[in-house]
Amino acid sequence: MKGFADLIEKDAGDALDEHTVALLDRIVQGANRMQELVADLLDYARAGTQQIPSDVVSCEEVLASALADLGAAISERDVVVSHDELPLVRGDRVTLTEVFENLIGNAMKFHGRELPVIHVGAERRGPDWCLWVRDNGIGIGSRFEERIFEPFRRLHTRDEYSGTGIGLAICRKIVERHGGRIWMESEPDKGSTFFFTLPTA
Ligand SMILES: Nc1ncnc2c1ncn2[C@@H]1O[C@H](COP(=O)(O)OP(=O)(O)OP(=O)(O)O)[C@@H](O)[C@H]1O
Ligand SMILES: [Mg+2]
């Protein structure tokens, strides 16, 4: 679709009026958007099919890789990320890094007037560890609590905040495949905390 629209624009060139060029641009934008959605959907599908390794994983290391992956975005904006001493858990380093990246990425993205201040916490709860990512951002009304974990569910338009709405659905799938649970507590304008549990190493 993109290729053919580009060809028309190139071949027909000056013969096209402004309106037609604008329509062609819309086609290209739509095709780009579709490509993004399909890529995200594939990510989501993959998160559910691969076997989860049962390695001893250091959450300190996982956090460090997630922050390194988010690096450019973090330095751009003077984001402050603090953390408790983080535990060893049992699971898969790669997908757990994805969970931290998604949650911290959201905490950075959905901030209000103030710069994002983010804290990663951890507490032992019986046989599991409970970890959390807390932010001082725009928050979420409690009636959306469950729904934001559904694929493609977003509370804002793409003009306000970029994204397709797959991040939290992937996080939920990964955490549940580790035998854990994920949920959030939030107050509009005060910030949000996303909690998740993982088995102790
Ligand atoms: N830390 C947060 N503060 C406020 N709102 C949040 C936060 N995290 C998620 N949300 C809300 O939940 C929705 C779903 O989050 P999710 O990470 O799945 O999607 P996204 O960030 O919009 O897009 P993507 O992760 O695919 O780039 C968001 O669009 C936003 O409305
Ligand atoms: Mg996200």
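I counted two strands as paired if DSSP finds at least two bridges between them. Helices (H or I, at least four residues) and strands (E, at least two) were taken as DSSP runs and numbered from the N terminus.

**Entry 1. Conventions.** I note that this is a predicted model: local features need pLDDT of at least 70 and side-chain atom pairs count only at pLDDT 80 or more, while totals for chains, interfaces and linings use all residues. Residues are numbered from 1 along each chain as its sequence is written, and chains are lettered from A and ligands numbered from 1 in the order in which they are written.

**Entry 2. The chain as a whole.** I found six helices and seven strands in the chain. Read from the N terminus, the elements follow the order α-α-β-α-α-β-β-α-β-β-α-β-β. Along the principal axes, the C-alpha atoms fill a box of roughly 70 × 40 × 35 Å. I called a residue buried if 20 or more other C-beta atoms lie within 10 Å of its own, exposed if 12 or fewer, and partly exposed in between, with C-beta atoms placed from the backbone. By that count, 30% of the 201 residues are buried. Of the contacts with a separation of 6 or more, 68% join residues 24 or more positions apart.

**Entry 3. The sheet.** In what order do the five strands of the open sheet stand? I read the order as β2-β4-β5-β7-β6, with mixed pairing. β2 and β6 (182-187) are at the edges with a single partner strand each, so one side of each has no neighbour in the sheet. On average, neighbouring strands are turned by 15° against each other, direction ignored; the axes are lines fitted to C-alpha atoms (for helices over the stretch in contact), and angles run from 0 to 180 degrees between N-to-C directions.

**Entry 4. Strand β5 and its partners.** I looked up the pairing on both sides of β5. β4 and β5 run antiparallel and are joined by seven bridges. The two strands form a hairpin with two residues between them, and glycine 126 in the turn has a positive phi of about 60°. Seven bridges also link β5 to β7 (residues 191-199), again antiparallel. Leucine 131 of β5 is the bridge partner of alanine 122, and in β7 the bridge partner of leucine 131 is phenylalanine 196. Aspartate 128 has proline 199 as its bridge partner in β7. Six of the seven residues of β5 are buried, so this strand is largely enclosed by the rest of the structure.

**Entry 5. Helix α3.** Which residues of α3 (residues 59-69) are buried? I list Cys59, Val62, Leu63 and Ala66. Seen down the axis of α3, these buried residues fall within an arc of 100°, so they line one face of the helix; the arc is that of the directions from the helix axis to the C-beta atoms. They pack against β1 (55-58), β2 (80-83), β3 (88-91), α5 (93-109), β4 (117-125) and β5 (128-134).

**Entry 6. Ligand 1.** I counted a residue as near a molecule or strand if its C-beta atom, placed from the backbone, lies within 6 Å of it. Ligand 1 is surrounded by 23 residues, the closest being Phe110, Leu155, Gly163, Gly167 and Leu168. The elements giving two or more residues to this shell are α5 and α6 (167-177). By class, the shell has nine nonpolar, 10 polar and four charged residues. For these classes, Ala, Val, Leu, Ile, Met, Phe, Trp, Tyr, Cys and Pro count as nonpolar, Asp, Glu, Lys and Arg as charged, and the others, Gly among them, as polar.

**Entry 7. Loop residues.** I checked phenylalanine 152, in the loop between β5 and α6. Its phi is near 65°, a positive value in a residue other than glycine. Phenylalanine 152 counts as exposed because it has 12 C-beta neighbours inside 10 Å. Aspartate 189, in the loop between β6 and β7, has a positive phi of about 70° although it is not a glycine. Aspartate 189 is exposed, with 11 other C-beta atoms within 10 Å.

Is alanine 47 buried or exposed? Alanine 47 lies in the loop between α2 (18-46) and β1 and is buried, with 21 other C-beta atoms within 10 Å. Not counting residues up to four places away in sequence, alanine 47 touches Thr95, Ile170, Lys173 and Ile174. The C-alpha atoms of alanine 47 and alanine 169 are separated by 9.6 Å, although the two are 122 residues apart along the chain.

How values were computed: Two residues are in contact if their C-beta atoms, placed from the backbone, lie within 7 Å.
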